[in-house]
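Please look at the sequence and the structure, and try each task before reading its solution.

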Amino acid sequence: MNNDNQTKELFLYEEMKRGKEYAFDFFFNYYYPGLCVYAQNMISIPEQEARDLVQDVFVKFWNDREKIVVRYSIRSYLFVSVKNRCFDFLRKRGKEAKNLEITNEHDITDETFDTYVLSELEALFTNSLKKLPDRCYEVFEMSRLQGLKNKEIAVRLNISEKTVENQVTKALHILKKELKDYLPLLALFDLFHFLR
Amino acid sequence: MEHKDYLYNLISLEFSGKLDSQQRSVLQSWMVESPGNLSEYKEVVYLLSLSDRLTAMKKIDTAEDLQMVRKKLNQKIISNRWFFTFQRVAAILIFPILLFSVWIFFNSPERKSISSTMKSSETAFGVRSQIQLSDGTMVIMNSGTKLTYPEFFNGDIREVKLSGEAYFHVKADAEHPFYVELGGCRIKATGTRFNISNYAGDQEIFAFLEHGRVSMLMDQVDSKSEKVDLKENDLIVLNKTQRRYTIESTDGSQYLGWIKGLLIFKKDSINNVADRLGRWYNAEIVFDAKLAKSGYVFTATFKQETLEEALKLLSYSTPINYKIIQGTQLKDTSFSKRKVIITKK
């Protein structure tokens, strides 16, 4: 997150403390989708439960707005709150969460959370996706972003499944090159979610 | 390169959970070939997870859920603020209230009815208003009037206090007579319509009975009171200082006109005219001694005329001159009353 955003968010947070709802709406709209997906990646719960959990975090965020001391950023406050809720959730369910001990805020930098911010991740992809040839983009979009099966894409575009596979692979090559500045660093932080 | 494509495809398949055992072994042997391969594998996996993440985020209906959160917030506010404050206040108050109730219980052998708080309603000069008392009695108040009344009538009698002019439409209730305290005398009624004029600056109290029956009770020196019964259309005029009264039968229109927004004079003396004109237009009216002695009577009806117009009309029918001195601005930025000087022509 760049400095401009940081300044903007601190200003909005001050506005929120003064009871301005528009500031709350901004934080909600900006972070809500990412936080829901983040919660789902942390613990495997149905989407609806993840949404309830994140909504509770926002209710507390508003109600405690005068008490909250933001040490790092609003972003890390929100993500760490969701994370802690997730662990509470597991504890209540009686599950042992040995490998998911609550990390200090220090351990998590804002960069980890950046990829859970819808507009920012979208911006990252949009720039790279522009570099894809048309057909390649079409196939990748259907496969990865719409979640269609290779067979469905083949039927829709009237091409063979093999071609679909090839196009996806080609897209991955190009995107990997385009995003190479981000990927290694991000991969280190984030991989454990996926490997879990 | 073709081999790479094949491997990337394997990673995609693995990511979607569609990898068979033979493909898995191919992929794993490539991964362990070099650290570079492993990190390349991680990057591709990460790329795939990012694209999945983007898809998942886009599916969330943020706008709808914001409404949900607003609902939750409203519920919280209602329950938190109101209920917890109420609980706390209740917890703090319960013991004192309990003790107080016990004390009241043992200290009031007669169990008097606890009097309800007194309220008062006032109208400024030039303003009329209407109020309804707790028993349903309607009171229309003329300008510069103050009515003091209990919030609830809960004794054996209904009692209010009047200074100024008001028209009463008393709700019928024979068991709880209605008293209007006027200072030195009172009007007793049970369910009637009457008008009372009792301005502090006036020499006389006027009471006109439009409908029903009322009695006037006048305090005497020996703490007894003299009772005078009035019939419909009776006007009683009581001189406050001399303690003398006269009763006459009249149509009363000049005493009730103000309710409809009319200022009516019918053969009224200059004293009376000056008082009522002054209150009606919120002006101070003075007249010279010669005029007071002259014995002129005035007859006129005013509805929406201005003070100037009213005076002009009066000057047509009686030989008077008048002069209006506009109010001056006071230190507190309000204006003093206009002054009208009436002289004999």
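**Exercise 1: two helices in chain A**

H7(A) and H9(A) are roughly perpendicular to each other, because angles of 65 to 115 degrees count as such, whereas angles under 35 degrees are roughly parallel, those over 145 roughly antiparallel and the rest oblique. This is a predicted model whose residues are numbered from 1 along each chain as the sequence is written, with chains lettered from A and ligands numbered from 1 in the order in which they are written. Local features need pLDDT of at least 70, side-chain atom pairs count only at pLDDT 80 or more, totals for chains, interfaces and linings use all residues, and side-chain values use heavy atoms, with hydrogens and water left out.

Task: find the angle at which the axes of H7(A) and H9(A) cross, and the residues that make the contact.

Solution. 
- Step 1. Helix H7 (residues 134–145) and helix H9 (residues 161–178) of chain A have axes that come within 8 Å and cross at roughly 95°; helices are DSSP runs (H or I, at least four residues), as strands are (E, at least two), numbered from the N terminus, and axes are lines fitted to C-alpha atoms, for helices over the stretch in contact, with angles from 0 to 180 degrees between N-to-C directions.
- Step 2. On the side of H7(A), the contact (heavy atoms within 4.5 Å) includes A:Cys136, A:Val139 and A:Phe140, while H9(A) brings, among them, A:Val164, A:Val168 and A:Leu172.
- Step 3. Sorted by class, the contact of H7(A) with H9(A) holds 8 nonpolar, 2 polar and 2 charged residues, where Ala, Val, Leu, Ile, Met, Phe, Trp, Tyr, Cys and Pro count as nonpolar, Asp, Glu, Lys and Arg as charged, and the others, Gly among them, as polar.

**Exercise 2: a further partner of H9(A)**

Task: describe how helix H8 (residues 150–157) of chain A packs on H9(A).

Solution. 
- Step 1. The two axes lie 8 Å apart, at an angle of about 110°.
- Step 2. H8(A) is therefore roughly perpendicular to H9(A).
- Step 3. A:Asn150, A:Lys151, A:Ile153 and A:Ala154 of H8(A) meet A:Glu161, A:Val164 and A:Glu165 of H9(A), giving 3 nonpolar, 1 polar and 3 charged residues.

**Exercise 3: two helices in chain B**

Task: state which residues join H2(B) to H3(B).

Solution. 
- Step 1. Helix H2 (residues 21–31) of chain B packs against H3(B) at about 125°, with the axes 7 Å apart.
- Step 2. H2(B) and H3(B) are therefore oblique to each other.
- Step 3. B:Leu27, B:Trp30 and B:Met31 of H2(B) touch B:Asn37, B:Leu38, B:Glu40 and B:Tyr41 of H3(B), a set of 5 nonpolar, 1 polar and 1 charged.

**Exercise 4: where the chains meet**

Task: describe the interface of chain B and chain A.

Solution. 
- Step 1. Contact involves 35 residues of chain B and 46 residues of chain A.
- Step 2. The buried area (accessible area, 1.4 Å probe, that two parts lose on being put together, summed over both) is about 4200 Å², with carbon and sulfur atoms giving 69%.
- Step 3. B:Tyr46, B:Leu47 and B:Met57 supply 16% of the area that chain B buries against chain A, more than any other three residues.
- Step 4. The rule finds 8 salt bridges (a side-chain nitrogen of Lys or Arg within 4 Å of a carboxyl oxygen of Asp or Glu) across this interface, and B:Asp65 and A:Arg51 meet in a salt bridge at 2.8 Å, N to O.
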